[in-house]
Amino acid sequence: ESSVDSIVITNATGIITQINGAFLRLLGLEKKEQIIGQRMEAFYPDHEAEYETTTGEHIQIGRNYFQAMQGAIARLQEGKNIPLLENYHLRADNRIVPVEDTFSPLFDKNGALIGAVGVIRDITERKMAEKQVAESRDFLKQLFDIGLEGLIVSDAQGQITMVNDRLAIMLRYSKNDLIGKTLGIF
C-alpha cells in the first residue's frame, strides 16, 4: 500500500485478485471492488480509436497495439517476464494513462504457474516533459534555420552536427557536405 507505483496481482487466468491504492488512483476509481475479479485486459484500451491521454494529447490506438498486447499476455502465460513495457491503461473518465508495466509470473512450490504480479508506473509527467523538450527543440531549430547569420553547431570533438541554410549558401556547400566534417575544414 505504501508504494507510489501501482501493484496488481492476478491469478493464472489473468483475473485480478489484489491491488494497491495506487492502482485505484491510476484508473480514477474509488473502490477495490470495481477492479478485483476483473480481467487485467479490462483496464487497457479495448478498441481501435483515437484516445485522449492524461498528457492532453490525442493518440491513435490501432492494430499494432493490440498485437503487441496479445504477445505480452502470451509471454506471461508461458511463464516469462514482461520487462518494462510502455503501455496505456484506460481510466474511468475514458482517457488513457501512459505507463510502464513490468509483469512477472508467480509459481507455486511445484513450479506451476499460479498468477502474475505487475508493477505499473504512471509516466504522464515524463511524457509531458518529453513533449516540452521536443517542442522547444523544434522551435529552436526553426529559429536556427531562418537565421540571417550563418550558424554552425559542433560536438565537443569539433565535428559539425548542424548548419543552417545561410551558412551553406555563404560557403557554397550543401548542408549534407558540411555535417559530419570537422571544423578544421574552414
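Biologist: What makes strand β1 and strand β7 count as paired?
Modeller: Two strands pair if DSSP finds at least two bridges between them. Strand β1 (residues 6–11) and strand β7 (residues 113–122) are joined by 6 bridges and run antiparallel, so they meet that definition. Thr-10 stands opposite Ala-116 in β7. This is a predicted model, in which local features need pLDDT of at least 70, side-chain atom pairs count only at pLDDT 80 or more, and totals for chains, interfaces and linings use all residues. Residues are numbered from 1 along each chain as its sequence is written, and side-chain values use heavy atoms, with hydrogens and water left out.

Biologist: What makes a stretch of residues a strand or a helix here?
Modeller: Both are DSSP runs, numbered from the N terminus: a helix is H or I over at least four residues, a strand is E over at least two.

Biologist: Why are β2 and β5 called edge strands?
Modeller: The open sheet has 5 strands in the order β2-β1-β7-β6-β5, with antiparallel pairing. β2 (16–19) and β5 (82–90) each pair on one side only. Inside the sheet, β5 and β6 share 7 bridges, and β6 and β7 share 9 bridges. Ser-104 stands opposite Val-117 in β7. Each of these two pairs forms a hairpin: β5 and β6 have 5 residues between them, with Asn-94 in the turn at a positive phi of about 70 degrees; β6 and β7 also have 5 residues between them, with Gly-111 at about 90 degrees.

Biologist: Which strands does helix α3 lie across, and at what angle does α3 run to β6?
Modeller: Helix α3 (residues 124–145) lies across β5, β6 and β7, at about 135 degrees to β6. The axes are lines fitted to C-alpha atoms, for helices over the stretch in contact, and angles run from 0 to 180 degrees between N-to-C directions. Contact means heavy atoms within 4.5 Å. Helix α2 (residues 63–77) lies across β5, β6 (96–107) and β7, running at about 130 degrees to β5.

Biologist: Why is the contact between Arg-121 and Asp-5 called a salt bridge?
Modeller: The term needs a side-chain nitrogen of Lys or Arg within 4 Å of a carboxyl oxygen of Asp or Glu. The closest N and O atoms of Arg-121 and Asp-5 are 2.7 Å apart, so the pair qualifies. Arg-121 is in strand β7 and Asp-5 in the segment before β1, 116 residues apart.

Biologist: Is Asp-5 buried or exposed, and why?
Modeller: Buried means under 20% relative accessible area, exposed over 50%, and partly exposed in between (1.4 Å probe, protein chains only). Asp-5 has 11%, so Asp-5 is buried. Arg-121 has 43% and therefore counts as partly exposed.

Biologist: What links Lys-127 with Glu-86?
Modeller: A salt bridge, with the closest N and O atoms 2.9 Å apart. Lys-127 is in helix α3 and Glu-86 in strand β5, 41 residues apart. Glu-86 is partly exposed because its relative accessible area is 46%. In β6, the bridge partner of Glu-86 is Glu-100. Glu-86, Glu-100, Arg-126, Lys-127 and Glu-130 are linked in a network of salt bridges.

Biologist: How many salt bridges does the whole structure hold?
Modeller: The search finds 12. One of them joins Lys-175 and Asp-165, at 3.2 Å from N to O.

Biologist: Why does Leu-140 count as exposed?
Modeller: Leu-140 has 54% relative accessibility, so the residue counts as exposed. Leu-140 is in helix α3.
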